[in-house]
Amino acid sequence: MTDVLLPEMNTEEQPEHVNVESESVDVTYNQENNVEEIEVQNEASFLNVSSAPQDRILQLEMYYGESIPSKFITLEITNAFVKKPFIGGFRHKLSQVEYHHASTQTDKPQKEDKDIVKIHRETQTKKFKSRSQQTSREQGTQMAKPGVTLDEQYDRTVYLVPLGKYFDSDQLEALRLRMAIKIQSFMRGWRARTLAKGMHREQLEKRRKEQEKERLAQEEIEENRRTEINRRMHPKTKADFEVMYNELEQWRRQETDKINSTATSQEEKTKRLQELLRRQTKLLQTIDRLKSRASQTNAYDKIHNRLAKMSMPKEIENATYDNKSVYVETPYTIRAKELTELHHGLNTENLSVDERLDVLLHVKWTVKEFDCRLTRDIVDLIDREADLLNRGRKEQYFEGCRKRLSNLFLQFVETPEFNPEALRFVKVPLENTRRDHVQLLSKK
């Protein structure tokens, strides 16, 4: 029995024929049994529906052809008293009659419960099943018997034990004991060899670490020795000169004590003390020369480091690239880099005449952008040196001029009006210093 829900339709408005595309259903109502007989055919036709009460039963006959028996299906139809939902329809092209699709009483499929856990990590017990199988080909062994003779030409007999000897349970137990002892001996030997190899590796690692430690200590001693020698040969800091003065004083005291203990007369003692004083004075002069040279070297290094810091790009932390630093060149750093390269060119030695003139020409073009007393002095020195170069003068005549030119250009580079990046390195406020030499002169 199948329940069918038909849409609400007045008896007067019910169509007599309904066009079905694939099949034709003829309905005949039986008033006595309250049953409608419906014949379904495969050929396309019309569905004849007559007026019927609200509750009715349809008897459907499925016709499949002359040689195939028909099939009867009983349908119980219940007219609903609720408003049916509109789910579309169609319009007849000839009669312009509108037909709406019917809805059924079939319940909607229930949605699965989302709270049910389908996947979990709990331990499950695997179930085992035994199945028997019969192969398609059977095998067997043929035995000799009366009436059956077998060929034993290629047969051979295999004995588990030598002939005439029986292996009893005591012998089996003794064999198991011997094999167990043998396995244990092999296991103990393997463990002993593994332990010995481990101890050997530890010993080698310990020896390697000791050798590495001794090597590092020896390298540190050698580095300290080279550093001490370098501090005495090329002292640079105040601490280096303090060490030299202390060692000189210690040497003087040792020599004085030696003279006092070994001198036989006052005249010999005086003469040896005079010689000691002369040697001490000579050593002090050597230390003073080293101090003067170190002062010049430190001053040059200080200037070079300051100019290098001026020309370095700006470092900016960027959170977009995992807080990595980004280096950006600004117009001020580019200007400082150009001035640093010109200053390095002025202080470079062993240049040819053409290279020196090219450097002087670039410096002159750079400083002539600003008209002040400082730039005019630089231009005058450049013209003087260029004139001497064209005359072919010797290098010794250029020493004073080039030193003054280098100092004036360094002053130009460290002036914030000409190099804005130098403002970061100014220690004294500009309003508290005299700046007459960098004030721009009015054009006449």
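Reader: Is Cys-401 buried or exposed?
Author: Cys-401 is buried, with a relative accessible area of 12%. Buried means under 20% relative accessible area, exposed over 50%, and partly exposed in between, with a 1.4 Å probe and protein chains only. This is a predicted model, in which local features need pLDDT of at least 70 and side-chain atom pairs count only at pLDDT 80 or more, whereas totals for chains, interfaces and linings use all residues. Residues are numbered from 1 along each chain as its sequence is written, and side-chain values use heavy atoms, with hydrogens and water left out.

Reader: And what is the relative accessible area of Cys-372?
Author: For Cys-372 the value is 0%, so this residue is buried.

Reader: How many disulfides are there in the whole structure?
Author: The search finds zero disulfides, a disulfide being a pair of cysteine sulfur atoms within 2.5 Å.

Reader: Turning to Thr-415, where is it found?
Author: Thr-415 lies in the segment after α7 (399-413). Helices (H or I, at least four residues) and strands (E, at least two) are DSSP runs, numbered from the N terminus.

Reader: Which residues does Thr-415 touch?
Author: Leaving aside residues up to four places away in sequence, Thr-415 touches Leu-374, Ala-422, Arg-435 and Val-438. Contact means heavy atoms within 4.5 Å. Thr-415 has a relative accessible area of 6% and is therefore buried.

Reader: What percentage of the protein's residues count as buried?
Author: Of its 444 residues, 19% count as buried.

Reader: How many helices and strands does the protein have?
Author: The protein has seven helices and 11 strands.
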